[in-house]
Amino acid sequence: MKTFGLLGSGIALAFALGSPAASAQQDPPITLDTHVDIPFAYMREPRFDFGKQTPLQVDLDKMRRGGLDAVFFIVYVDQGPLTPEGWAHAVAQAKQKYDDIDLMVKTYPDQIRLATTSDQVLANKKAGRLSAMIGVENGYSLGHDIKNLDIAYKHGARYVGLAHMGNNDLCSSSTPEAALGDTPLPEYSITEFGRSVVKRANQLGIMVDVSHSSDACVREVLALSTSPVIASHSSSRALDAHPRNLSDELLRAIAAKGGVIQAVAVQDFIRLDPARELAIKALQAQVAKQAGDKSFDSEKHEYLPAYVEGMKRIDAALPPPNVDDFVAHIKHMVEVAGIDHVGIASDFDGGGGIAGWSDTSQTRNLTAALRRAGFSEADIAKIWGGNLLRVWGEVTQRATANRAG
Ligand SMILES: [Zn+2]
């Protein structure tokens with residue numbers, strides 16, 4: 001917060017003086033975050049109302065203050081059993097999230113509009129409005145019925161992430177879950193249903209998202225897809241050997257297909273710190289117990305004072321990675337995949353957030369870190385949204401040809 005205040009006054013001063021540096025310090029043409037979660041009570045409780053003061057990392061005021069133009073809000077469901085009941089529950093949960101995003105844009109039409117094409121993002125910006133886009137996280141919520149992908153498209157979904165934590169009926173996950181009966185080594189990469197989802201997404205003009213998919217699944221998708229694919233929120237495995245991150249080989253392969261990898265500001269994916277991880281797990285168990293619950297539920301417990309205060313103590317003793325650590329990932333990914341194939345995701349309100357970019361109001365801190373790392377204004381424009389919009393436009397264009405073929 002402090003850094004942001006100083007930076008903000010610096011910008012104001014530069015503009016006031018009309019110095020040549022002023023133009024270099026303007027916001028990029030578009031700033032776009034490809035991964036922001038919403039709670040299940042989104043827009044249904046005042047504390048989760050986009051237009052009000054909220055404990056969320058992303059809301060209207062924070063987007064305006066941070067200069068963030070566009071956000072993919074996520075229709076996420078937890079991985080559950082591959083049964084008719086499990087699928088029906090997931091479809092219903094997804095429906096609620098679509099309704100909540102719809103309610104948000106209908107409640108604040110002068111501030112934010114749904115963008116279903118890359119051009120609409122630019123048009124909204126021109127009109128002084130923010131853009132809300134929709135991404136699906138976990139194809140499990142398609143309920144094992146390809147018709148639900150068409151319904152997702154009608155709701156405005158423009159990317160579909162095949163898996164989450166735990167293998168599902170589309171593909172194997174980068175993090176199999178023993179509790180769901182998964183074996184550590186996936187027995188399959190992509191299923192027939194997974195293949196049909198990739199094919200139909202290509203035809204509809206929905207970007208296929210391989211974040212959370214196993215390496216084997218990513219390779220299959222790259223071979224299958226007739227359009228570029230994205231990784232909506234994954235960082236570099238060469239810098240942090242987390243399975244959710246992507247190897248240099250896969251970064252190159254996604255780039256070779258014309259796609260984009262959106263580096264993500266999740267602490268564990270930037271720098272593994274076992275002591276910090278343990279301390280956070282202990283705090284979560286303690287806060288859940290105090291609240292009379294068996295296990296930690298981020299939606300219920302993350303905003304409680306005991307948790308917020310506990311996290312402040314942990315941050316002081318074991319500092320989290322900061323914006324420069326994050327930019328080191330972006331820099332490596334650009335070196336490997338090329339400047340046209342890397343972007344940014346926060347995973348705010350879903351586990352993301354680092355020192356200096358702990359919520360959307362601090363977006364300009366990250367831009368400043370990119371400048372410090374030597375990226376030009378043209379590079380930064382690509383990283384902050386230009387690349388993603390280009391890929392999205394191409395996927396939309398190819399949809400027509402994919403339908404014919
Ligand atoms: Zn995720």
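Visitor: Which residue just after helix 15 takes a positive phi?

Guide: Helices here are DSSP runs of H or I with at least four residues, strands are runs of E with at least two, and both are numbered from the N terminus. Just after helix 15, the residue with a positive phi, of about 100°, is G374. Please keep in mind that this is a predicted model, in which local features need pLDDT of at least 70 and side-chain atom pairs count only at pLDDT 80 or more, while totals for chains, interfaces and linings use all residues. Residues are numbered from 1 along each chain as its sequence is written, and side-chain values use heavy atoms, with hydrogens and water left out.

Visitor: What does the pLDDT average over the protein chain?

Guide: The pLDDT is the predictor's confidence in each residue, from 0 to 100. For the protein chain the average is 92, and 94% of the residues score at least 70. Over residues 1-24, however, the pLDDT is below 50, and this stretch has 20 contacts in the model beyond near neighbours in sequence, where contact means heavy atoms within 4.5 Å.

Visitor: Why is helix 15 described as largely enclosed by the rest of the structure?

Guide: A residue is called buried under 20% relative accessible area, exposed over 50%, and partly exposed in between, using a 1.4 Å probe and protein chains only. Helix 15 is largely enclosed because eight of its ten residues are buried, among them T363, L366 and L370.

Visitor: Where is T360 placed, and is T360 buried or exposed?

Guide: T360 lies in the loop between strand 9 (342-345) and helix 15 (363-372), and T360 counts as buried because its relative accessibility is 0%. Leaving aside neighbours within four places in sequence, T360 touches Q57, V58, K62, M63, G66, L68 and F348.

Visitor: Which residues coordinate the zinc ion?

Guide: Donors are N, O and S atoms within 2.8 Å of the metal (3.2 Å for Na, K and Ca), and water is not among the atoms, so sites may look incomplete. In this model E137 (OE), H212 (NE2) and H233 (NE2) coordinate the zinc ion at 2.1 to 2.2 Å, and the donors follow the spacing E-x74-H-x20-H along the chain.

Visitor: At what angle do helix 6 and helix 7 pack?

Guide: Two packed helices are described by the angle between their axes and the distance between the axes. The axes are lines fitted to C-alpha atoms, for helices over the stretch in contact, and angles run from 0 to 180 degrees between N-to-C directions. Helix 6 (residues 147-155) and helix 7 (residues 192-204) pack at about 35°, with their axes 10 Å apart. The contact is made by L149, D150 and Y153 of helix 6 together with V197, R200, A201 and L204 of helix 7.

Visitor: Which residues is Y307 in contact with, leaving aside its neighbours within four places in sequence?

Guide: Y307, found in helix 13 (residues 305-317), is in contact with I280, L283, Q284, V287, F296, H301 and E302 when those neighbours are left aside.
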